[in-house]
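Come along and look with me.

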Amino acid sequence: MGLSTLEKILAVLKEEFYLEENSTEVEKTPDEKGEKLRLLEERCRKCEKCNLYKTARNLVFSDGDHNSKLVFVGEAPGEEEDLQGKPFVGRAGRLLTSVLEEYGVKRESVYICNILKHRPPENRNPDVEEVAVCSPYLVEQLMIIKPLLVVTLGNYSTKFLLNTREGISSLRGALKKSPLGYNVLPTYHPAAVLRNINLMDEFRTDIKKALEFIEKGAD
Ligand code: SF4
């Protein structure tokens, strides 16, 4: 069986020193994190590794607090995100924001991003090659931020970060470990919840579980 995208990325990063640097356990200061993320964002802005930059209006790198212990990862920007250059600001994003607020958490206090940094035309699904070439940017983002928990929103980010073919319905709500070393809690993409409101209770339960995990871990 061939290597998965995540395994290939891990092998390359290891060769290129990043994991050794990461393993020193030296905490980056907020300023260092911000600067590293700014440089990474600049690289994404100049990126031409796939064709999506040609049709996208804006780069959609991230939103929120890079010092947060909690990171949300979706799959790709949609139309509103492409217009504003921010992830999760359309209807699905507003749903995520409102569920966070139900539990007293402001959206600005968490970090939100996607696997793909440019919008696929007509909101089509990311293709395998796009995920393969763009996902190393996500891996670098996470290595800089070092979150306590990553909540994967939907099938794409869940399958990628857990290196699995299992679907979101069977994985959601259970804490897992990514091969990258991060705690991962998969849940539905809020767009899926909008399409099927019966998923709302499970989505709320998962977000609550993620926030409780952070609260306990942050003690
Ligand atoms: S989607 Fe990712 S890989 Fe493709 S051009 Fe944008 S930043 Fe580069």
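**Entry 1: strand partners.** I looked up strand 1 (residues 63-64) and found two bridges joining it to strand 3, with the two running antiparallel. This is a predicted model, so I read everything here as a prediction. In this pairing, Gly-64 sits opposite Tyr-111 of strand 3.

Next I turned to strand 2 (residues 70-74), which is joined to strand 3 by four bridges and runs parallel to it. Here Val-71 is the residue standing opposite Tyr-111.

**Entry 2: positive phi angles.** Most residues other than glycine have a negative phi. I noted two residues that go the other way.

Phe-88 has a positive phi of about 55°, yet it is not a glycine. I found Phe-88 in the loop between helix 5 (79-84) and helix 6 (91-102). Glu-122, also not a glycine, has a positive phi of about 60°. Its loop lies between strand 3 and helix 7 (128-145).

**Entry 3: surroundings.** Which of these is buried and which exposed? Phe-88 counts as buried because 28 other C-beta atoms lie within 10 Å, and the cut-off is 20 or more. Glu-122 has 7 other C-beta atoms within 10 Å, so I wrote it down as exposed.

How values were computed:
Residues are numbered from 1 along each chain as its sequence is written. This is a predicted model: local features need pLDDT of at least 70, side-chain atom pairs count only at pLDDT 80 or more; totals for chains, interfaces and linings use all residues. Two strands pair if DSSP finds at least two bridges between them. A residue is buried if 20 or more other C-beta atoms lie within 10 Å of its own, exposed if 12 or fewer, and partly exposed in between; C-beta atoms are placed from the backbone.
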